[in-house]
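Please look over the structure shown below before reading on. The report that follows takes up a sheet and then a ligand site.

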Amino acid sequence: MRVYVTRQLPGDAVDRLRAEHTVEVWPEDRPVPPALLRQALREVDGLLCTVVDHIDADLIAAAPHLRVISNYGVGYDNIDVAAATARRIAVCNTPGVLTEATADLAFGLIIAAARRWWEAERLVRERRWTSWSPTLLVGQPVARRTLGIVGLGKIGRAVARRARGFSMEVLYTGRRQPETEKELGLSWCSTLEELLRESDIVSLHVPLTPATRHLIGREQLALMKPTAILVNTSRGAVVDQAALVEALRARRIFAAGLDVYEIEPLPDDDPLRELDNVVLLPHIGSADTTARLGMTELAVENLRAVLNGRRPPACVNASALGL
Ligand code: 8YV
């Protein structure tokens with residue numbers, strides 16, 4: 001069968017795939033131009049794609065033989081799952097293997113934003129550090145503060161585990177999870193509003209869906225403490241970015257740490273770049289060696305399973321397809 005892979009991936013799983021199928025890999029380190037992707041999809045049975053590939057209904061309609069879309073990542077908002085399901089195409093993702101990497105990054109952003117690492121690093125690099133001072137770059141404490149986790153899935157729970165080491169009080173909202181509450185000593189908030197009011201640090205771990213788009217907007221930011229920190233390692237559009245810029249600019253919250261944006265890469269003229277109370281990372285949540293190898297293995301295994309008539313290990317529309 002024919003497979004198209006939209007990026008060169010670390011590890012040797014793609015080479016192993018070549019032993020079974022005809023595999024074409026986009027050789028450049030930039031997204032496949034949409035017209036080329038459309039052309040490739042005319043022929044293929046399997047697609048392995050990343051967050052930068054927008055696999056919409058129109059593209060799916062132009063892929064008559066497609067049986068599996070294997071996404072290199074846990075979030076799959078870049079794929080029209082309903083359109084795929086209607087065509088009985090399996091949509092697969094890579095949960096689990098990137099949990100620790102993403103939680104590490106979220107916790108790093110918490111500390112970086114709270115302790116003003118971005119400003120501090122720049123001060124040293126730009127040779128503006130003139131003396132130790134009791135008032136130099138004083139930030140917010142992290143240990144013993146209250147962390148609010150929005151979306152207690154695998155990554156949210158991994159962040160909560162890290163917070164225990166910092167003696168933090170951890171709140172969460174969403175579906176109640178009594179077992180996890182007990183295991184990790186968490187407190188449940190019945191509403192997002194309550195969590196936002198109570199937290200010193202808010203970390204977002206929800207998938208992007210119509211229900212979570214702009215979950216954090218002007219009204220929600222207004223509920224946060226003036227000393228609060230917002231961290232987003234989920235999807236940019238979970239936050240109304242214009243409202244966040246306004247809140248940061250007016251110092252209505254203390255700082256933010258972002259790995260994801262409404263438009264990626266962040267446009268050159270984006271106002272976030274002008275603010276000193278935000279740490280900006282280029283969507284590298286899962287970018288550690290272990291996670292990336294695990295993602296390749298799982299994405300390839302998902303693809304192989306569907307093409308070879310087995311049940312894929314991680315398929316988001318498995319029940320709809322009876323897999
Ligand atoms: C990936 C991610 O780097 O897993 C996700 O949802 O956002 C990242 O871990 C990205 O999806 C690459 O395709």
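## The sheet

Two strands are said to pair if DSSP finds at least two bridges between them, and strands (E, at least two residues) and helices (H or I, at least four residues) are DSSP runs numbered from the N terminus. This is a predicted model, in which local features need pLDDT of at least 70, side-chain atom pairs count only at pLDDT 80 or more, and totals for chains, interfaces and linings use all residues. Residues are numbered from 1 along each chain as its sequence is written, while side-chain values use heavy atoms, with hydrogens and water left out.

Seven strands form an open sheet with parallel pairing, in the order β8-β7-β6-β9-β10-β11-β12. Because β8 (186-189) and β12 (278-280) stand at the edges with a single partner strand each, one side of each has no neighbour in the sheet. Within the sheet, strand β9 (residues 201-204) runs parallel to strand β10 (residues 229-232) and is joined to it by four bridges, and Leu 204 has Asn 232 in β10 as its bridge partner.

## The ligand site

Polar contacts are pairs of N or O atoms within 3.5 Å. A backbone N or O atom of Val 51 lies 2.8 Å from an oxygen atom of the ligand, and for a backbone N or O atom of Val 74 the distance to a ligand oxygen atom is 2.7 Å. From the side chain of His 283, an N or O atom is 2.7 Å from an oxygen atom of the ligand.

Notes: A polar contact is a pair of N or O atoms within 3.5 Å; within protein, one must be able to donate a hydrogen and the other to accept it, and residues adjacent in sequence count only if both atoms are side-chain atoms.
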